[in-house]
Amino acid sequence: MLRVVWLGGAQMSAWGCLLYSFPMLAEALLAEYGWSRFEVYAAGSVAMAVAAVSAYPVGRWIDLGYGRAVMCLGGLLGAGVLCGLSQVEAVWQLYALYVLMGMALAASLYEPLFACVTFCFGVEQARYIIPRLTLWAGFASLVFMPYTQLLIDTFGWRMAMPVLGLTYVLIAPGIYCWLLKPPEKLPEVRKPASQTVDGVLRLSVFWYLVVAFVGYGLIQAGLNFHLFAILLEKQLGVATAIWLVAMLGPVQVAGRIWLMLLLRSRAATGAAVMLTLFQPLVLLAMYLSSALVPLWVVIIVFYGLLGGSLIIVKGIVIIDYFPDQPYGRVNALLTAPYNLAQAVAPLVGAALWLLGSSYDSYLWLLFGVSLLIPLSFYLARRGHERGNSEAERVV
């Protein structure tokens, strides 16, 4: 349990410092330099695109036993980028730093840590640890969004970024170095017989999951980067917008606790289908809502429950559906298109805002995407059950 607390704290700092700081940094850059929203938010897309390209080599290095080094170096790189952001004076400098940030994200967030946990502690321990890690990291927005805004308000954004980098480097790399020790004996999922990782690309179940998680990535990244600005556009005050976004963490934790109970009966994807049926309603409510705070509290609660639950499904479904494959590389194959979707989402949101000077068309686009997610999860589950039935008949 203690290692879950420490690793969860490291993930909380990673999400809070490296990712959730971006919307507030973006607003500060817009105010100081007068750059377009498209130019600034394109930096987030650059980072996620680089993270997507980096996912497979990172997964392979973790499968080869270098997970501790990967995550320690990712932590140091992320802290260095945060410090470097204090010197940004041109858009190209922002993009250059967010290329490096993409590498740091690929080596720092849930996906590499889930792969390290599976490698270091084995499949059964991973099934126990992964959901509980997300509980602690779920508080990232609650802790680090107000913390980041406080730093910016107190010291200005140029000083706030190095302080954020120092915060991160003092937490994460040391924890990873201490706890992510390679096992003396390789777990079953890592045996040489399972090196046909590319075989998953021929499975329809894999591609249904890709569609589901690409849709999830489009919505999550789009709203992670733009929700703060959407709330401001709906005429909510800055302080109200911050605490509404910060609510996401605790709500996500509640969703993860609920899903953890279902995991005992291996019902992860079934729960995902049920939850994602509510996603279109959430996006429709975002489009129709005004500055009524109680209504936004309800919207944030449902949105947080969805996002918090599906990140666990993403970590567990590989163990359930592809038990004979090396986790790190299968995770990378699933994560690469997911990260590409996350790269595209902020850019598309900024572009649509430029065209209409509002987020209305963007919310309609995400609404359309949300309709595909439950269908894809349902087809993946049916395909997996059909495959298991055919295997049993052969035996």
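Ser 376 is buried, its relative accessible area being 7%; here buried stands for under 20% relative accessible area, exposed for over 50%, and partly exposed for what falls in between (1.4 Å probe, protein chains only). The structure is a predicted model, in which local features need pLDDT of at least 70 and side-chain atom pairs count only at pLDDT 80 or more, while totals for chains, interfaces and linings use all residues. Residues are numbered from 1 along each chain as its sequence is written, and side-chain values use heavy atoms, with hydrogens and water left out.

Ser 376 belongs to helix 18 (residues 372-394), where helices (H or I, at least four residues) and strands (E, at least two) are DSSP runs numbered from the N terminus. Neighbours within four places in sequence aside, Ser 376 is in contact with Tyr 208, Val 211 and Ala 212, a contact being heavy atoms within 4.5 Å. As for the chain as a whole, 18 helices and zero strands are found, and 58% of its 395 residues are buried. Of the contacts with a separation of 6 or more, 83% are between residues 24 or more positions apart.

Two salt bridges turn up in a search of the whole structure, the criterion being a side-chain nitrogen of Lys or Arg within 4 Å of a carboxyl oxygen of Asp or Glu. In one of them, Arg 158 meets Glu 32, with 3.7 Å between the closest N and O atoms. This bridge links distant parts of the chain, since Arg 158 sits in helix 9 and Glu 32 in helix 2, 126 residues apart. Arg 158 is partly exposed at 29% relative accessible area, and Glu 32 is partly exposed at 41%. Asp 63 and Arg 329 form a salt bridge at 3.0 Å, N to O. Asp 63 is in helix 3 (residues 37-63) and Arg 329 in helix 16 (residues 327-356), so this pair ties together parts 266 residues apart in sequence. Both Asp 63 and Arg 329 are buried.

Aromatic rings make their own links. Rings of Phe, Tyr and Trp (its six-membered ring) pair if their centres lie within 6.5 Å, with planes under 30 degrees apart called stacked, over 60 edge-to-face and the rest tilted. This rule gives 19 aromatic pairs. Tyr 33 and Trp 157 are edge-to-face because their planes stand at 70°, with ring centres 6.5 Å apart. Tyr 33 lies in helix 2 (residues 22-33) and Trp 157 in helix 9 (residues 157-179), 124 residues apart. Tyr 33 is partly exposed at 25% relative accessible area, whereas Trp 157 is buried at 7%.

Phe 278 and Phe 302 make a tilted pair, 6.1 Å centre to centre and with 35° between the planes. Phe 278 is in the loop between helix 13 (268-276) and helix 14 (279-288), and Phe 302 is in helix 15 (residues 293-321), so the pair joins parts 24 residues apart in sequence. Phe 278 is partly exposed at 39% relative accessible area, and Phe 302 is partly exposed at 38%. Elsewhere, Trp 15, Tyr 20, Tyr 110 and Phe 114 form one aromatic cluster.
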